[in-house]
Amino acid sequence: SDLSTPAIEFIPAMETFCESVGFREAMVHIHFTKNHMKLDLSASEIRGELIHLERVLLMELMDRRFLLVEKDRVDYLDQKDLFGETVRDAFPSAGRDIQEAGNCLAAECGTGAVFHLMRAAEFALRSMARDRDVSFKERPLEEKEWGQILGSLEGRISELRNSNRSCWRTPELRDTQIRFYSEVVQELRGFNDAWRRHVSHADALAFYERDEALGIFKHVRGFFQKIAERISETSAAEQYWTSL
């Protein structure tokens, strides 16, 4: 019949869609419909098969709820390199949290986005500590609190400032290294005081709307992009920089 060719072409596409979204009941009906379509059906019989499939699909849709992703948030959904390839390669352990932060932005869950951003920032904090050879006698680095690690890092920066200037080949190298580590630690302390401590606990004021969450996302992204030029999870910079 005239309907058989377009119907045969439509059903595989519908099958692919239903499989991708987990419409199990619809998949069963599609299986039976495909077998029926192998017969020499009349136009009215083909129409009846398609109407039945349409009803099954509508029932599947009615059993679910859907989230609308606004146009300005589509690019944040299910993206693995939201902070760029350099950050991805330098901090692979933070990748899942960065991706989830993007998904939260897309779903308008601003507080969730900030929560994942602070989890990602913790990988940067601990990488920074390893880079500056921070360690603790009583327990491993992974078990120490943010404040304790930041205090030790600040001590390391003070040691840099008090080091003999001859440790660097040029005054510019010295000044650039000290400024870099000072700014990174200051950023991390700011993250801890402004966001992490609040979003990690039952703080009634620690809720973030879409614009504020996006601003924090961009701020943390810029931070990661800056430190990824010098710090990573798997390598450490020289104690005293030898090049810019």
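**Close-up views of a predicted model**

View 1. H6 is followed by Asp-133, whose phi is positive, near 60°. The model is predicted, with local features needing pLDDT of at least 70 and side-chain atom pairs counting only at pLDDT 80 or more, whereas totals for chains, interfaces and linings use all residues. Residues are numbered from 1 along each chain as its sequence is written, and side-chain values use heavy atoms, with hydrogens and water left out.

**View 2. The aromatic pair of Phe-83 and Phe-217.** These rings pair edge-to-face, at 5.3 Å centre to centre and 65° between the planes (rings of Phe, Tyr and Trp, the last by its six-membered ring, pair if their centres lie within 6.5 Å; planes under 30 degrees apart count as stacked, over 60 as edge-to-face and the rest as tilted). Phe-83 lies in the loop between helix H3 (43-62) and helix H4 (85-90), and Phe-217 in helix H9 (residues 210-227), 134 residues apart. Phe-83 is buried (under 20% relative accessible area; exposed is over 50%, partly exposed in between, with a 1.4 Å probe and protein chains only), at 3%, and Phe-217 is buried at 0%.

**View 3. The aromatic pair of Phe-191 and Phe-223.** The ring centres of Phe-191 and Phe-223 are 5.1 Å apart with planes at 75°, so this pair is edge-to-face. Phe-191 belongs to helix H8 (residues 171-199) and Phe-223 to helix H9, 32 residues apart, and both residues are buried.

Technical notes: Helix = DSSP H or I, 4+ residues; strand = E, 2+ residues; numbered from the N terminus.
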